[in-house]
Amino acid sequence: MRLLIGETEVPVTWEENASVEALRELCPVTIQMSMYGGFEQVGPIGQSIVRDDLQTDTSCGDIVLYSGNQIVIFYGSNSWSYTRLGHISLPQTEMSELLSNGDVAITLE
């Protein structure tokens, strides 16, 4: 599965779990993301999918499922109950450039 932030394809290591499989079944999908808290972008996937939330400490590049129906991509860090989906392998400076300058759209294909 590929992830584009705007027009930029980013390198992702996806988790092997039921939530990622459910996302694959939705592809291709574009999700409108919104900045939140100065450290993440959040967007609704349009339906609820299977989740296995655990208390999680996130870091820059982490992709998680929140409440079973929203994708969150971090360019900072947080601690909350999430289902891990994957990790973007880019330096924090590049993640900030992609995500901290306003709302973005992501595409999963």
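**Ground rules.** I am working with a predicted model, where local features need pLDDT of at least 70, side-chain atom pairs count only at pLDDT 80 or more, and totals for chains, interfaces and linings use all residues. Residues are numbered from 1 along each chain as its sequence is written, and side-chain values use heavy atoms, with hydrogens and water left out.

**Thr-83.** I looked up its place first. Thr-83 lies in strand E10, residues 78-88. Strands (E) are DSSP runs of at least two residues, numbered from the N terminus. The Thr-83 side chain reaches the backbone nitrogen of Asp-52 at 2.8 Å. I also listed its contacts (heavy atoms within 4.5 Å). Leaving out residues up to four places away in sequence, Thr-83 touches Asn-17, Ser-19, Arg-51, Asp-52, Asp-53, Val-64 and Leu-65.

**Aromatic rings.** Rings of Phe, Tyr and Trp (its six-membered ring) pair if their centres lie within 6.5 Å; planes under 30 degrees apart count as stacked, over 60 as edge-to-face and the rest as tilted. I found three aromatic pairs by this rule. Phe-39 and Phe-74 are stacked, because their ring centres are 6.3 Å apart and their planes are at 5°. Phe-39 sits in the loop between strand E5 (34-36) and strand E6 (40-44), Phe-74 in strand E9 (residues 70-74), 35 residues apart. Phe-74 is buried at 0% relative accessibility. Phe-74 and Tyr-82 pair edge-to-face, with centres 5.7 Å apart and planes at 75°. Tyr-82 is buried too, at 4%. Ring pairs link Phe-39, Tyr-66, Phe-74 and Tyr-82 into a cluster.

How values were computed
Helices (H or I, at least four residues) and strands (E, at least two) are DSSP runs, numbered from the N terminus. A polar contact is a pair of N or O atoms within 3.5 Å; within protein, one must be able to donate a hydrogen and the other to accept it, and residues adjacent in sequence count only if both atoms are side-chain atoms. Buried means under 20% relative accessible area, exposed over 50%, partly exposed in between (1.4 Å probe, protein chains only).
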